[in-house]
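Let's take a walk through this chain together, from its core to its rings. Have a look at the sequence and the model before reading on.

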Amino acid sequence: MSAGTTDGRRAGTADRPRTGAPGPRADTTPGAARDAVALRRLAVATLEANWEHDHSVPSRTLYPHQWSWDSAFIAIGWSHVRPERAWRELGSLFRAQWVDGRVPHIVFNPALRVGSYFPGPQFWDSALAEGAPAAATSGLVQPPVHAPAAWLAYRRAPTGAGRAALARLYPRLVAQQRYLATRRDFGAGGLACIVHPWESGLDNSPAWDAPLAAVPADAAAMRAYRRHDTAHVDAAHRPTDLDYARYVALVASYRERRYRDEDLAGRHPFLVECPLLNAATGAAEHALARIAPLVGADPGPHRERAARITEALVRRLYDPTTGTFQPRDLRAGRLVPARTVLGLAPLILPDLPARQASALVAEACSPRFGLAARMDRPLPSHDRTAPDFEALRYWRGPSWMNINWWVRQGLLSHGRPDLAGGLRDSMIELVTGAGCHEYFHPDTGAGLGSPAFGWTAALLLDVLADDPAG
């Protein structure tokens with residue numbers, strides 16, 4: 001399942017100089033080439049083992065269904081080895097799209113026994129909602145990284161079949177964007193709101209602590225449920241029972257109204273404008289502008305919407321005092337002060353103004369995150385100098401391959417190949433030392449969470465293919 005060391009030591013780090021000085025971007029020795037071949041084999045084997053007839057599961061242990069943004073990242077990996085699976089991956093997910101355009105964050109496999117995952121399809125009860133698909137799904141969304149994934153999948157393998165798949169997918173991607181723009185702009189400022197921390201993808205990030213504190217819940221409420229995650233992973237590495245009690249309360253609040261968005265602004269206890277979700281929405285418009293000419297559509301409206309999203313992000317979520325982007329809690333009417341990796345997400349936008357792009361690079365290179373051309377430690381998900389930094393607990397400190405990949409893409413688009421190279425080296429080193437784990441210890445690089453994790457394998461393939469020496 002996982003390869004290499006599992007005792008918290010990354011292979012080969014003992015004698016490595018701990019310095020921020022730039023180093024070579026790629027080792028071209030025969031041994032390095034053999035290592036790259038072995039890593040590629042590991043990544044492909046992981047993806048193959050997680051394939052489920054028309055989609056991938058994130059992992060066979062913790063996540064036995066289909067997850068929305070996982071499938072997008074996994075499609076990028078498939079495009080390098082089996083492009084037809086990239087399109088089947090995305091097509092499978094979008095067949096579960098709701099009539100209103102939302103793409104649910106979980107699509108449930110009906111073949112699995114009841115109770116194999118919590119919260120499962122019975123808890124969500126999506127069939128009660130108008131416009132829900134025939135498949136059982138959740139009622140929440142995740143960051144819309146699917147259009148960028150589709151564009152990258154096509155660019156990696158620009159075939160006629162890929163172009164036809166893009167044409168089929170394009171109207172669904174447009175509907176996904178329309179849903180976020182028209183149904184979720186509760187602040188009337190041009191940005192979409194998340195109504196649950198799970199919609200951000202960074203479930204228990206410290207960014208949500210303050211908004212969640214206003215959600216009435218008691219950890220004892222979880223006695224009525226059986227958590228699936230803590231049966232497979234140390235509870236100290238996962239969100240707490242109080243976190244989960246609040247998550248459940250928020251789903252119940254949304255479910256009671258049959259997942260309708262019309263009156264959420266007046267009653268729902270959690271409404272937050274998230275930098276990552278909105279940066280992904282802007283990046284999706286840029287990707288759709290590239291896709292549109294290939295499918296006979298006009299790219300102009302996508303470019304215009306992308307520009308409006310970037311402007312709204314800067315206006316509403318950028319804090320010039322801290323030099324980073326921060327979520328806006330609509331209920332409290334203020335920016336959330338926690339400095340997490342969410343704040344770096346707008347770097348993905350190619351039209352981000354130079355002032356903000358430079359500030360984000362400075363934030364990433366600060367002791368809070370430690371980005372460098374030669375990384376001493378992995379990029380953490382939360383400010384490592386903060387008192388509430390936790391090295392083991394999910395999104396409160398550990399390093400994640402998808403966020404590393406996201407930040408690296410942003411660095412490349414803003415002319416920092418030196419820092420992007422350092423992040424690439426760090427990503428490869430993580431998997432070399434610990435295998436394709438779900439996430440990694442932000443100091444030692446030890447593998448945490450589920451082993452044989454899909455997007456880790458997929459994005460490893462992507463960065464291995466992007467060889468600076470080539």
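Where is Pro-119 found? In this predicted model, Pro-119 sits in the loop that runs between strand S2 (106–107) and helix H4 (121–124).

**Two positive phi values**

Two further loops hold a backbone feature worth checking. Ala-188 has a phi near 55°, a positive value in a residue other than glycine. Ala-188 belongs to the loop between helix H6 (160–183) and strand S3 (193–194). With 69% relative accessibility, Ala-188 counts as exposed, because the cut-off for exposed is over 50%.

Arg-258 is not a glycine either, and its phi is positive at about 55°. Arg-258 lies in the loop between helix H8 (241–256) and helix H9 (264–267). Its relative accessibility is 47%, so Arg-258 counts as partly exposed.

**The core**

Moving inside, the largest nonpolar core has 137 residues. Among those with the most contacts inside this core are Trp-87, Trp-208, Leu-276 and Trp-405. Helix H10 (residues 275–291) gives the most to the core, with nine residues.

Which residues does Trp-87 touch, not counting residues up to four places away in sequence? They are Ala-150, Ala-153, Tyr-154, Gly-162, Ala-165, Leu-166 and Leu-169.

**Aromatic pairs**

The model has 26 aromatic pairs. A pair of aromatic rings is described by the distance of the centres and the angle of the planes. Here are two of the pairs, side by side.

| Ring pair | Distance of centres | Angle of planes | Class |
|---|---|---|---|
| Trp-98 and Tyr-259 | 5.9 Å | 85° | edge-to-face |
| Trp-208 and Phe-270 | 6.2 Å | 70° | edge-to-face |

The planes of Trp-98 and Tyr-259 are at 85°, so the pair is edge-to-face, given that the class needs an angle over 60 degrees. This pair links distant parts of the chain, 161 residues apart: Trp-98 is in the loop between helix H3 (83–94) and S2, and Tyr-259 is in the loop between H8 and H9. Trp-98 counts as buried at 3% relative accessibility, and Tyr-259 is buried too, with a relative accessible area of 1%.

What about the other pair? Trp-208 lies in the loop between S3 and helix H7 (209–213) and Phe-270 in the loop between H9 and strand S4 (272–273), so the pair ties together parts that are 62 residues apart in sequence. Trp-208 is buried, with a relative accessible area of 0%, and Phe-270 is buried at 0% as well.

Helix H2 (68–81), helix H5 (146–156), H10 and helix H13 (401–413) are the elements that give two or more residues to its lining.

Which residues lie nearest the centre of this pocket? Out of 21 lining residues, these are Pro-148, Leu-152, Arg-290, Ile-348 and Gln-409. H5 provides the largest share of the lining, six residues. By class, the lining has 14 nonpolar, three polar and four charged residues.

Key: Residues are numbered from 1 along each chain as its sequence is written. This is a predicted model: local features need pLDDT of at least 70, side-chain atom pairs count only at pLDDT 80 or more; totals for chains, interfaces and linings use all residues. Side-chain values use heavy atoms; hydrogens and water are left out. A nonpolar core is a set of buried Ala, Val, Leu, Ile, Met, Phe, Trp, Tyr and Cys residues joined through side-chain atoms within 4.5 Å. Buried means under 20% relative accessible area, exposed over 50%, partly exposed in between (1.4 Å probe, protein chains only). Helices (H or I, at least four residues) and strands (E, at least two) are DSSP runs, numbered from the N terminus. Contact means heavy atoms within 4.5 Å. On a 1 Å grid over the protein atoms alone, a cavity is a set of points where a 1.4 Å probe fits but cannot get out, and a pocket is an open set with protein on both sides within 12 Å along at least five of seven lines; lining residues have an atom within 4 Å of a point. Ala, Val, Leu, Ile, Met, Phe, Trp, Tyr, Cys and Pro count as nonpolar, Asp, Glu, Lys and Arg as charged, and the others, Gly among them, as polar. Rings of Phe, Tyr and Trp (its six-membered ring) pair if their centres lie within 6.5 Å; planes under 30 degrees apart count as stacked, over 60 as edge-to-face and the rest as tilted.
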